[in-house]
Amino acid sequence: MVTMTTDLTRSEPARELEAATGSALRYLDAAIAPATRAAYAVDWAAFDSWCAAHNLMSLPAEPRTVATFLSAEADAGRAPSTITRRLAGISAIHEAAGHPKPSADPLIRRTLGGIRRTIGRPQKRARALTLGPLREVLAHLDLATVAGNRDRLLLLLGFALASRRSELAALDDTDVTLHPEDGLHVLIRRSKTDQGGIGLVKAVPRGANPLTCAACAVVRWRQIVAADPVQRAEMLATLSIGHICRQPAPITDGPLLRTVHRGGAIGGRMSGAAINGRVRTCWERAGLPLDRVSAHGLRAGFVTTALRSGSTAAQVMRQTGHRSEATVAVYARFETPLEGNAVTQIGL
């Protein structure tokens, strides 16, 4: 739960302000993802403390107050992306408390536009981990170990589902269905763009190569998780190099992606941070550059690979869950600048 500090000498009666603030935060807790909520907590605390230091009301805040705060953040060297997020957090608190969103105010929008024009800088983007490097990383995995098989499944699902690390971490084994024709059906129960939990089923076809077949990776991982330690050791010592995606595999209760301890003992649910760490570890062990490598790069890599293969934005969005083609266009602008570009048609 987010907490706020308030200077009672600068606002409406304390009880009224505290009630509005507490109510706003309860609604925010229910409506937004934990990571976003944590970011809003940091941003609101920064704004609220700044208001206290300047004897100004934070909730509701005057547009001039918010604009001055954003300008102060810019003068302090904050990146435009951070300042934009600050405004999003301030606006979310106001909206939840029943006040107008500061982000819609013309004065504040002009101020933010001026900040971006003055100190704008390229946003640091995750490296797109495309299919070629992914194959190389998969080839370096030690599939005679529990961790190697878990990492294979993590990497393939992260790429083929084009999922965020929070979505991967939230998957239960029962969310994954081996479909007789399609390969895999994976239920994403909730996402960044689906906070209401309507859900989305993503399909992943069987791969031509067993190493890159996500359905094979699911079957092998389920067999490993269900086995006792002795059976598990025997299974890992006699790995099949062919397709096993039509073999039976017991479904277990609990998370799909699990921690693996030293010695191969299987633990509980992996966190998003742990998934990110494993992606970087796998890339490092394959001898590939680590600059800007993260779990989000698997999602970016799917989009980039799909666009280079001729997929339309609408087809990409069907798998990624993006709501806007403009978001997909950002990937195209940075990762596939030659796709659909007239420069390829002028005969250079």
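Are F159 and F302 buried or exposed? Both F159 and F302 are buried, where buried means under 20% relative accessible area, exposed means over 50%, and partly exposed lies in between (1.4 Å probe, protein chains only). This is a predicted model: local features need pLDDT of at least 70, side-chain atom pairs count only at pLDDT 80 or more, and totals for chains, interfaces and linings use all residues. Residues are numbered from 1 along each chain as its sequence is written, and side-chain values use heavy atoms, with hydrogens and water left out.

**Aromatic pairs**

- Rings of Phe, Tyr and Trp (its six-membered ring) pair if their centres lie within 6.5 Å; planes under 30 degrees apart are stacked, over 60 edge-to-face, and the rest tilted.
- The count by this rule is four aromatic pairs.
- One of them joins F47 and F69, edge-to-face, at 5.1 Å centre to centre with 70° between the planes.
- F47 sits in helix 2 (residues 34-53) and F69 in helix 3 (residues 63-75), so this pair ties together parts 22 residues apart in sequence.
- Helices (H or I, at least four residues) and strands (E, at least two) are DSSP runs, numbered from the N terminus.
- F47 and F69 are buried.
- The ring centres of F159 and F302 are 6.1 Å apart and their planes meet at 75°, so that pair is edge-to-face.
- F159 belongs to helix 7 (residues 146-160) and F302 to helix 12 (residues 296-308), so the pair links parts 143 residues apart in sequence.
- W44, F47, W50 and F69 make up one aromatic cluster.

**Helix 4**

- Helix 4 (residues 80-96) has 17 residues, which should span 24 Å at 1.5 Å a residue; its end C-alpha atoms are 24 Å apart, which agrees.
- The expected span is 1.5 Å times one less than the number of residues.
- Its buried residues include P80, I83, R86 and L87.
- G98 follows helix 4 and has a positive phi, near 90°.

**A hairpin**

- Strand 4 (residues 258-260) and strand 5 (residues 266-269) pair in the antiparallel sense over two bridges; pairing requires that DSSP finds at least two bridges between the strands.
- R258 stands opposite R269 in strand 5.
- Strand 4 and strand 5 form a hairpin with five residues between them, and G263 in the turn has a positive phi of about 95°.

**Backbone exceptions**

- Most residues other than glycine have a negative phi, and most peptide bonds are trans.
- The peptide bond from L59 to P60 is cis, with omega near -5°.
- P60 lies in the loop between helix 2 and helix 3.
- A162 is not a glycine, yet its phi is positive, near 50°.
- A162 is in the loop between helix 7 and helix 8 (165-170), and is buried with a relative accessible area of 0%.
- R292 is not a glycine either, and its phi is positive at about 60°.
- R292 lies in the loop between helix 11 (272-285) and helix 12, and is partly exposed with a relative accessible area of 34%.

**A surface patch**

- L338, V343, I346 and L348 form a nonpolar patch on the surface, with about 460 Å² of accessible area together.
- Patches are made of residues with over 30% relative accessible area and no salt bridge: like charges are joined within 9 Å, nonpolar side chains (Val, Leu, Ile, Met, Phe, Trp, Tyr) within 5 Å.
- A salt bridge is a side-chain nitrogen of Lys or Arg within 4 Å of a carboxyl oxygen of Asp or Glu.
- Accessible areas come from the Shrake-Rupley method with a 1.4 Å probe; for residues, only the protein chains shown count as cover.
- I346 lies in the segment after helix 14 (325-335), and is exposed with a relative accessible area of 55%.
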